[in-house]
Amino acid sequence: PPPQTKVQKLIKPQENSQWRPLSARTAGNMAKSTNHTAHNQSYKNHRNGVKKPKKHAKTSLKGMDPKFLRNQRYCKKHNKTE
């Protein structure tokens, strides 16, 4: 066999074949595939309509200032509309 270099790996030949670099042997046999495509996505999104996110009537008070929330609670408790 020919001398092996550090860059190229050589594979053992089968019957009736020659010593060739690994990349040369697999180049013609490997299947190619697409990594990414946006084909048909816009169509699928618009099938049922592109909707805006629903706005909830009551927003979350989680993570708000506790002093402010306490004051809000007292305000709501004592705010009498007649």
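Me: What makes the nonpolar surface patch here, and how much area does it have?
Reply: In this predicted model, Leu-61, Met-64 and Phe-68 form a nonpolar surface patch of about 260 Å². Patch members need over 30% relative accessible area, and nonpolar side chains are joined within 5 Å.

Me: Why is Phe-68 called partly exposed?
Reply: Its relative accessibility is 40%. Buried means under 20% and exposed means over 50%, so Phe-68, at 40%, counts as partly exposed.

Me: Where is Phe-68 found?
Reply: Phe-68 belongs to helix 3, which covers residues 66–78.

Me: How many helices and strands does the protein chain have?
Reply: There are three helices and zero strands. Read from the N terminus, the order of elements is α-α-α.

Me: Why is Asn-40 called partly exposed?
Reply: Asn-40 has a relative accessible area of 39%. That value lies between the 20% and 50% cut-offs, so the label is partly exposed.

Me: What share of the protein chain is buried?
Reply: Of its 82 residues, 2% are buried, meaning under 20% relative accessible area. The protein chain exposes about 9,200 Å², with 52% of that supplied by carbon and sulfur atoms.

How values were computed. Residues numbered from 1 in each chain as written. Predicted model: local features only at pLDDT ≥ 70, side-chain atom pairs only at ≥ 80, totals over all residues. Heavy atoms only, no water. Patch = residues over 30% accessible without salt bridge, like charges linked within 9 Å, V, L, I, M, F, W, Y side chains within 5 Å. Areas by Shrake-Rupley, 256 points an atom, 1.4 Å probe, with all protein chains shown as cover. Salt bridge = Lys/Arg side-chain N within 4 Å of Asp/Glu carboxyl O. Helix = DSSP H or I, 4+ residues; strand = E, 2+ residues; numbered from the N terminus. Buried < 20%, exposed > 50% of the residue type's maximum accessible area, 1.4 Å probe, protein only.
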